[in-house]
Amino acid sequence: MEDDLSEASIRRALTGRFGAPLRCLDEVGSTNTVALRWAAEEGAPEGALVVTEHQTEGRGRWGRRWLSQPGKLLQFSLILSPDLAGDDVGLLTTALGVACARGIETCTGLAARVKWPNDVTIGGRKVSGILVESVLSGGAIQTAVAGVGINVRWDQDEIPPDIAARATSIDRELGSSGGAPPRRAELLGAILAALEELYPFGDPDAVIREALTRSDVIGTKVSIRYPGGGTVSGRAVGLAPSGALRLEVDGEVREIKVGEVEHTAPGS
Ligand code: BTN
């Protein structure tokens, strides 16, 4: 199946205002870096999109690397100007997770879920990661670059075993059903169309409601690791309008804006 990410195939798949202007690059260090520079140096507007076949220096959260295989993943960065305080960027990350999950479901029929704060999962394994990087002005977001990576087709032999145990790809999940993975341009079009239905957050509750119904974490016991080190354990009971995780610890509910879920167990 032809699965090119050419400018022409992407333009054909786009249905809304996101994706214009468009930069398609065969190979790049990081689409987030290109998009941040495009916005800062050339004033790229909201909706501008950078898409690539391969990243050599893809970034994940907390300085981690994001692995890419040429022609196999969908990797893009979308420039946005949400009317949000820098502290509430979690709502944007949450909306992207919901949009990716909807897009994957629309194009594959697979049940995709969201794992707070920035992963999309299928069958409990990570299929997509989201990295939102923002430029702030007086505490408000001036420009946000929403970077998304989705494992569409993966060469399993090239995946380190520790990653293969907790991550997956669309083709792996479709494997037993015999279904073909979607064209990446169509998947991109479906995700951006879903995001446009949620954005610019006139109704943040709609984002939160869908994230709750799709959540892998809510209702389970979790351990949250903070970026600076240290953990807190409790029961995930909800999401705040800012996208923060509501964690019940010793009978009190705390809101956690930044952290990572280390471990989940069934709720009690
Ligand atoms: C994570 O899981 O920690 C986030 C991964 C985000 C990867 C995407 S791929 C497109 C964009 N460019 C990057 O360098 N990173 C994001």
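Strand 9 (residues 231-239) and strand 10 run antiparallel and are joined by 4 bridges; two strands count as paired if DSSP finds at least two bridges between them. Helices (H or I, at least four residues) and strands (E, at least two) are DSSP runs numbered from the N terminus. The model is predicted: local features need pLDDT of at least 70 and side-chain atom pairs count only at pLDDT 80 or more, while totals for chains, interfaces and linings use all residues. Residues are numbered from 1 along each chain as its sequence is written, and side-chain values use heavy atoms, with hydrogens and water left out.

Leu245 has Ile256 of strand 11 as its bridge partner. This second hairpin has 2 residues between the strands, and Asp250 takes a positive phi near 50°. Strand 10 (residues 245-249) has a covered face made of Leu245, Leu247 and Val249, and an uncovered face made of Arg246 and Glu248.

Elsewhere, an open sheet of 7 strands has the order 1-2-3-7-6-5-4, with mixed pairing. Strand 1 (22-28) and strand 4 (112-115) stand at the edges with a single partner strand each, so one side of each has no neighbour in the sheet. From one strand to the next the twist averages 20°. Strand 3 (residues 73-80) and strand 7 (residues 140-151) are antiparallel over 8 bridges, and Ser77 has Gly147 of strand 7 as its bridge partner. Helix 3 packs on this sheet, touching strands 3, 4, 5 (119-122), 6 (125-137) and 7; contact means heavy atoms within 4.5 Å. The direction of helix 3 makes about 145° with that of strand 6.

Two packed helices are described by the angle and the distance between their axes. The axes of helix 3 (residues 89-108) and helix 7 (residues 204-213) come within 9 Å and cross at roughly 55°. Axes are lines fitted to C-alpha atoms, for helices over the stretch in contact, and angles run from 0 to 180 degrees between N-to-C directions. The contact is made by Leu91, Thr94, Ala95, Val98 and Arg102 of helix 3 with Pro204, Val207, Ile208, Glu210 and Ala211 of helix 7.

Definitions and conventions. Buried < 20%, exposed > 50% of the residue type's maximum accessible area, 1.4 Å probe, protein only.
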